[in-house]
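Okay, everyone, thanks for coming. Let me put the model up, and then I'll walk you through a few contacts.

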Amino acid sequence: MASTNTKAAAETQEKKFDWHQIKSFLPIISFVAIVAIFAILTGGALVTPRNITLIISGGFTLMIATVGVYMIMSMGCLDFSQGSMMGLSCAVVCFLSQYNPILAILGGMATGALIGLINALFHVKGQVQSFVVTMCMMFLLRGVIAYITTASPVYAATYLTALATNTPLLIGIVVAVLVVAYLVLHFTALGSNLKAIGASESGARFAGINVQRTKIIIYVVAGAITGFAALINAIRIGSVTSQAGNMLETQILIALVLGGMPINGGARSRFSSVVTGVLSYLVLQRGLVMLGFTTEIQQLILGIVFVIMVAVFSERAANQVIK
């Protein structure tokens, strides 16, 4: 009887192992499938050089901002203020660009970092769940953006918008951000600390990790990264209106989930989710546009895909919750 139970347990463990192995490849398989499906449906138009360029250039801001949110989600937290944060930071960048480019970059990053700090203090010190805090911040900042753009949009300096056609430069900036983030998260203790917090805050504390300090630092850093992404947004868009950054947080969340990111973070968080997920989202979005779907149908399809991917990658067995 004992040997039978042992054999059954071993088979169960093997099945779990196989499923986890399969899940690790699902984001790449999904990306290839999305590209193949839309390439066929569009008669090959999706993979023409022009469309590939449009897909890549449309994702610079999203790719950079997703890096910061990845770190937050690794801890089992969420940030719904990213879109509004982007809008306000971009307004600061555009305004300061009229005086000095360095000041514009630093101002945008400082704005994002300050907003991230406020989010962190309410979440960590005030013990308010992250999605509640950041959702409130989203509405607050959306009102601020609407107020400062009431008379007219905030325009960036012409020397900044002139860089919009310099695609190699923008690609280089995005790649540099990804490389630096990858090196920090994989060759320092920070990456493992974030996953430990996401898996279990109590366990992380027993392991000697200062959970509160780490959370505050990550929210500030993620805000600064979004503030830097606002620079790229200012280069590409050239101005800020009341709709600036609208729905960015949703795009980031869908992209990360498409990349295999567990919605509740933890040990199975992978940095590759940033690149794979953003590329999958961009191809999916571009493909739906090329097929002529209305905005409402696009949102419906993206919502269905999001729910499916959340169901697949959530770590329900670990009993993790959003903090």
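So, start with Glu201 and Lys215: their side chains meet in a salt bridge, at 2.5 Å from N to O. By salt bridge I mean a side-chain nitrogen of Lys or Arg within 4 Å of a carboxyl oxygen of Asp or Glu. Glu201 sits in helix H10 and Lys215 in helix H11, so this pair ties together parts that are 14 residues apart in sequence. Helices here are DSSP runs of H or I with at least four residues, strands are runs of E with at least two, and both are numbered from the N terminus.

Quick word on what you're looking at. This is a predicted model, where local features need pLDDT of at least 70 and side-chain atom pairs count only at pLDDT 80 or more, while totals for chains, interfaces and linings use all residues. Residues are numbered from 1 along each chain as its sequence is written, and side-chain values use heavy atoms, with hydrogens and water left out.

Back to Glu201. Its side chain also meets that of Arg205 in a salt bridge, 3.3 Å from N to O.

Arg205 is partly exposed, at 45%.

Next, H11 and its packing with H3. Their axes come within 8 Å and cross at roughly 175°. The axes are lines fitted to C-alpha atoms, for helices over the stretch in contact, and the angles run from 0 to 180 degrees between N-to-C directions. That makes H3 roughly antiparallel to H11; under 35 degrees would be roughly parallel, over 145 is roughly antiparallel, 65 to 115 roughly perpendicular, and the rest oblique. On the H3 side, the contact includes Phe60, Ile64, Met71 and Ile72, and on the H11 side, Ile218, Tyr219, Phe228 and Arg236 are among the residues. Contact, by the way, means heavy atoms within 4.5 Å.

H2, residues 49-57, joins in here as well. The buried residues of H2 are Asn51, Ile55 and Ser57, and they pack against H3 (60-74), H11 (211-237) and H13 (272-290).

On H13, have a look at Ser273, which lies in that helix. Ser273 counts as buried, at 1% relative accessibility. Leaving aside neighbours within four places in sequence, Ser273 is in contact with Ala255, Leu256, Gly259, Gly260, Met261 and Val278.

Last stop, Pro153. Where is it? Pro153 is in the loop between helix H6 (130-148) and strand E1 (154-155), and it is partly exposed, with a relative accessible area of 28%. Pro153 and Ser239 are 86 residues apart in sequence, yet 6.1 Å apart in space, C-alpha to C-alpha. Not counting residues up to four places away in sequence, Pro153 touches Ser239, Val240 and Thr241.

That's my tour, thanks.

Conventions:
Buried means under 20% relative accessible area, exposed over 50%, partly exposed in between (1.4 Å probe, protein chains only).
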